[in-house]
Amino acid sequence: MKVLLPMKKPIIYSLAFFTTISVQASEINPNGSPPRQEQGWSLWRPNYEIEKAGFDAGFSNMELGGYLDFENACKTNPTVGNSSISYWFRLSNSVERIGTGRVEYSCWANGRRLHTFDSTAIKSGLENVNCLRVNSPTGLTIRSEPRNNSRGLGRVAQGRTVRPNSFPASIVEADGENWIAITSPRPGWVSDGKPTSQGNFSLCNR
């Protein structure tokens, strides 16, 4: 059963993680003024916009528990005092592009980012993503493992399609790139490029 987070590696993004950081920013808007968008990510948005952001998250008890730990850490952070806490989220660009990616949540107080929590996210309304189209002029190598130096098993040309091995897709970050596990045209791994890039795939129905 899918468990949605209350707000409406190897994935493998299903292993969420929680970090403690302290970053100075505008207390009103963590994107800064003027807003600055980090490569590979959307701008930060307040949590009250989650329902209209077009994604689902929270696909395991581990992720749900991690989110609850994140909330508790925000509320009990000793630097908060009597200040109010604001909650924000942002999505990796791959959520819209290939249907699977990450959502990062953060909490802020006194103009500082206190904690973050990262988990799997999928574009809402998708029944199952079983086709991705290659968008790389030179094509892509299918490899036996998610590494650049692993054995090549074949190639997929520009404009051809691959079938991910699951939905949400199994994605591993290695060698500075995101790797997607596929079952067709043959089982293996293909690179979706660096997390900050435009990526090597798009949904087949786009």
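Apart from its neighbours within four places in sequence, Asn77 is in contact with Leu114 and His115, where contact means heavy atoms within 4.5 Å. Asn77 lies in the loop between helix H1 (61–76) and strand E4 (86–91); helices (H or I, at least four residues) and strands (E, at least two) are DSSP runs, numbered from the N terminus. With a relative accessible area of 13%, Asn77 is buried, a term that means under 20% relative accessible area, whereas exposed means over 50% and partly exposed lies in between (1.4 Å probe, protein chains only).

These values come from a predicted model, in which local features need pLDDT of at least 70 and side-chain atom pairs count only at pLDDT 80 or more, while totals for chains, interfaces and linings use all residues. Residues are numbered from 1 along each chain as its sequence is written, and side-chain values use heavy atoms, with hydrogens and water left out.

The structure holds two disulfides, a disulfide being assigned to a pair of cysteine sulfur atoms within 2.5 Å. In general, a disulfide is a covalent bond between the sulfur atoms of two cysteines. The geometry of the two links is set out here.

| Disulfide | S to S distance | Angle about the S-S bond | Handedness |
|---|---|---|---|
| Cys74 and Cys107 | 2.1 Å | -90 degrees | left-handed |
| Cys131 and Cys204 | 1.9 Å | -75 degrees | left-handed |

The link of Cys74 and Cys107 has -90 degrees about the S-S bond and is left-handed, and this pair joins distant parts of the chain, with Cys74 in helix H1 and Cys107 in strand E5 (residues 100–109), 33 residues apart. Cys74 counts as buried at 0% relative accessibility, and Cys107 is likewise buried, with a relative accessible area of 0%.

For the link of Cys131 and Cys204, which is left-handed with -75 degrees about the S-S bond, distant parts of the chain are again connected: Cys131 sits in the loop between strand E6 (112–123) and strand E7 (132–134), and Cys204 in the segment after strand E14 (201–203), 73 residues apart. Cys131 is partly exposed, its relative accessible area being 23%. When the bonded cysteines of the protein chain are numbered in sequence order, the pairing reads 1-2, 3-4.

As for confidence, the protein chain has a mean pLDDT of 87, and 86% of its residues reach 70 or more, pLDDT being the predictor's confidence in each residue, from 0 to 100. Over residues 1–17 the pLDDT is below 50, and beyond near neighbours in sequence this stretch has 66 contacts in the model.
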